Amino acid sequence: MHCPACNHKIGFFKSLLIVNPFRIRCPSCGASLSMGRFGTLFLAIGFILGVMVGGFAMYMKEYKSWKMTDIVLWFLVAFPTVIGAYEWLGWRYAKLREEHEREGCKGKQKI
Ligand SMILES: [Zn+2]
């Protein structure tokens, strides 16, 4: 993941802190960046993956008589693995683009 404005490399662990993929600030030059359509897709697939991981635990509880400890263990293992691998793919392949904000609509201005 690189900043398109200054080519600053955004590390994987920094990318994990990105809450909103449509509003990322470059830590180096402060440019306003976005993942664009990729971000939408990424969030949608991530949501589905989360539901699947949760759904699997529900299924196992209902039909395979998983105990609460099994479910907790599943979440401890599956979430970091699945979401971690997924985040890494996103970080590896996401292309950031610069958002051109209109002047004066930000509220605060740099002097
Ligand atoms: Zn930058």
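A: A residue is buried if 20 or more other C-beta atoms lie within 10 Å of its own, exposed if 12 or fewer, and partly exposed in between, with C-beta atoms placed from the backbone. This is a predicted model, in which local features need pLDDT of at least 70 and side-chain atom pairs count only at pLDDT 80 or more, while totals for chains, interfaces and linings use all residues. Residues are numbered from 1 along each chain as its sequence is written.

Q: Is Ala94 buried, exposed or partly exposed, and why?
A: Ala94 is partly exposed, because 19 other C-beta atoms lie within 10 Å.

Q: Where is Ala94, and which residues does Ala94 touch?
A: Helices (H or I, at least four residues) and strands (E, at least two) are DSSP runs, numbered from the N terminus. Ala94 lies in the loop between helix H3 (68–93) and S3. Contact requires C-beta atoms, placed from the backbone, within 7 Å. Not counting residues up to four places away in sequence, Ala94 touches Met1, Met35 and Phe38. With its neighbours within four places left aside, Met35 is in contact with Pro21, Phe22, Phe42, Ala94 and Leu96.

Q: How are the strands of the sheet arranged?
A: Strands of a sheet pair through backbone hydrogen bonds, either parallel or antiparallel. Two strands pair if DSSP finds at least two bridges between them. Here three strands form an open sheet, ordered S1-S2-S3, with antiparallel pairing. S1 (24–25) and S3 (97–98) stand at the edges with a single partner strand each, so one side of each lacks a neighbour in the sheet. Two bridges join S1 to S2 (residues 32–34), and Ile24 stands opposite Leu33 in S2.

Note on methods:
Two residues are in contact if their C-beta atoms, placed from the backbone, lie within 7 Å.
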